Amino acid sequence: MDHYDQLDRAFVKARAAQFRNQVERRLAGALSEDEFKPLRLQNGLYLQLHAYMLRIAIPYGVLNAKQLRGLAGIARDFDHGFGHFTTRQNIQFNWIKLVETPDILDRLANFDMHAIQTSGNCIRNVTSDPFAGAAADELEDPRGWCEIIRQWSTLHPEFAFLPRKFKIAVSAGATDRAATGFHDIGLRMVKNKAGQTGFRVLVGGGQGRTPRVAQQIAAFLPKHQLLSYLEAILRVYNQAGRRDNIYKARSKILVEAMGIDAFRDAVAAEWDKIRDSAIELPDAERDRILAHFAPVDLLPISNSYAMDDITERRQNDRNFDHWMTRNITAHWHPDYCSVMISLKAIGRPPGDASAHEMEAIADIAEAFGRDEIRVTYEQNLIIPHIAKQHLPAF
Amino acid sequence: MKHCVKEPDMSKTDDIILTANRLDDGVVLWMTATLDWTTDRAKAAKFDADSAAIATARGEDDAAANRIVSLYAVAVNGKADQSAREVIRAAKGPSVKPPVDRPVRSSIPMSKYFHPVMKRAPYGSLRSA
């Protein structure tokens, strides 16, 4: 996974300090609510029915145990002891006090997380396949490209005040596990006839009150041209998207109104101005980022003795057999698998997890799962890279 | 900055209640008959056409003074004041049953779950082997 460097940490801490100052000015009356609202939204803070709600980004759905424990601590110390994992790989805390939000952002910064661009009319958290890097069927790990898009879109000055929020998802599996058809831009990694890997690009998808399935705008986009093409799409949307009606402002409305062919032509015209320009990432920087997502080092493990146990238990324990059928996903390494942990207990809202449950899952991931936890758009958690011999422990 | 009350769904003859959120913690509030704020929906005052203007002005003053935020009026007509939004706000809590946290974290002794043959965590032991 990607790692914060000193620059990242300094930036996130500075941003938290900036928001602390903004909150102090709001409480002191130096900022009106109209002035403060866009500032708090840029830091993921909403005011909802009961209270303030803070949405925290989990980039491409990847957490480590320290981060999950940190989120559990926030749930316990600042909320009602639970958090809500969302369909877009964020976590929300629904009982937040404005006065305590700066302390929460400080704490998030301590374990390399933040709430920047989780609300407001900007490019939101980039989501991906929760099995990325572990799936048996993916062309390559999509998270590196998510990270490239994340860095490009974070604080992008041209796209800070879009007509409406803008969501991007990337999937590289044979099966789309990132709901790319329901995003403003969906990127599916594909191979062309020459065997090169690139992106099939979809636009204009979304859910909400006007659900639309995204349409194909490009059958194959070479990887090295990704950022300029995304920039061209965003420019067309930024200029032509409606701003007079919040319910008509999403890209899905624009694409439908223009028609996919006209929208494609407009993007092509914009792209001609910027393709192969400095917007594209230098090869060395791209390789540096992608290197953080190299396949994990998993040693072969003889599972034969454990497989006998598993087979026997499946025969004798109906619940375990059912759990194996529903919750185990094939891994690219034959001795390993990914384990799904459902956050959909009967009678509970999908995606809710108590602080204690988060800590327990962090313990398990640390001991058995290479210190990784993934958040899924189905609002479950996944621990990838589990040796099959450990399945009876679950 | 003028803090305008949103237009409620009402006829001119409807009484209103005024509701808002407390600025510093977001708690839902209702205006009382003494033009103070309460967290108890049952203590919310109904304002008729004559008193509504005074109450609204007081609410706008409190918003301008940064005590409350998101001020709006709700018509007491059996429809607007009984909407899902208002019922949820009055309930002061999730409309669903949230998961219950344990007050003190219990550490899971992971070693007890390791397969008998493995005994230790897989990665460190395998890498050092």
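**Figure 1. The start of helix α3(A) in the predicted model.** A side-chain oxygen of Asn64(A) comes within 3.2 Å of the backbone nitrogen of Lys66(A). This is a predicted model, in which local features need pLDDT of at least 70 and side-chain atom pairs count only at pLDDT 80 or more, while totals for chains, interfaces and linings use all residues. Residues are numbered from 1 along each chain as its sequence is written, chains are lettered from A in the order in which they are written, and side-chain values use heavy atoms, without hydrogens and water.

**Figure 2. Helix α3(A), residues 65-78.** Helices are DSSP runs (H or I, at least four residues) and strands likewise (E, at least two), numbered from the N terminus. Of the 14 residues in α3(A), 10 are buried, so the helix is largely enclosed by the rest of the structure. Buried means under 20% relative accessible area (1.4 Å probe, protein chains only). Among them are Leu68(A), Leu71(A), Ile74(A) and Phe78(A).

**Figure 3. The largest nonpolar core.** A nonpolar core is a set of buried Ala, Val, Leu, Ile, Met, Phe, Trp, Tyr and Cys residues joined through side-chain atoms within 4.5 Å. The largest core has 55 residues. Ile56(A), Leu63(A), Leu71(A), Phe85(A), Leu108(A) and Met358(A) touch the most other members. Helix α12 (residues 355-368) of chain A gives the largest share, eight residues.

Definitions and conventions. The expected span of a helix is 1.5 Å times one less than its number of residues. Buried means under 20% relative accessible area, exposed over 50%, partly exposed in between (1.4 Å probe, protein chains only). A polar contact is a pair of N or O atoms within 3.5 Å; within protein, one must be able to donate a hydrogen and the other to accept it, and residues adjacent in sequence count only if both atoms are side-chain atoms.
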